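Hi,

Here is the structure I promised to send over. Have a look at it first, and then read my notes below.

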Amino acid sequence: MEHKRNGIPGVRQAQAALRRLVRWGVRRRRVVAGYLLRGVCSGIGTTAVGLAVVWLRSRY
């Protein structure tokens, strides 16, 4: 009698998808780093403006 492992093909597909994603990130690491830096700078700017508005509203 042969036993089938039901979960194995799904696991292999998930591992293959993860490997493709990692390879994509490695090939485009400069682009990914640029987007990450852009997002961080945008967040810092938004926070600074928000804090300035809160400070101005509480002051005047």
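**What I found**

Let's start with Val32, which sits in helix H2, the stretch covering residues 29–59. Keep in mind that this is a predicted model.

Val32 is partly exposed, with a relative accessible area of 35%. Patch members need over 30%, so Val32, at 35%, clears that cut-off. And it does belong to a patch: together with Leu18, Leu21, Val22, Trp24 and Val26, Val32 forms a nonpolar patch on the surface. The accessible area of these residues together is about 550 Å².

Which helix gives the most to the nonpolar patch? That's helix H1, residues 8–27, with five residues.

Arg28 is partly exposed, and its relative accessible area is 33%. The cut-off for patches is over 30%, so Arg28 passes as well.

Now zoom out to the whole protein. It has two helices and zero strands. How much of the protein is made up of buried residues? The share is 0% of the 60 residues. The accessible surface comes to about 6,100 Å², and 62% of that belongs to carbon and sulfur atoms.

Conventions: Residues are numbered from 1 along each chain as its sequence is written. This is a predicted model: local features need pLDDT of at least 70, side-chain atom pairs count only at pLDDT 80 or more; totals for chains, interfaces and linings use all residues. Side-chain values use heavy atoms; hydrogens and water are left out. Patches are made of residues with over 30% relative accessible area and no salt bridge: like charges are joined within 9 Å, nonpolar side chains (Val, Leu, Ile, Met, Phe, Trp, Tyr) within 5 Å. Accessible areas come from the Shrake-Rupley method with a 1.4 Å probe; for residues, only the protein chains shown count as cover. A salt bridge is a side-chain nitrogen of Lys or Arg within 4 Å of a carboxyl oxygen of Asp or Glu. Helices (H or I, at least four residues) and strands (E, at least two) are DSSP runs, numbered from the N terminus. Buried means under 20% relative accessible area, exposed over 50%, partly exposed in between (1.4 Å probe, protein chains only).
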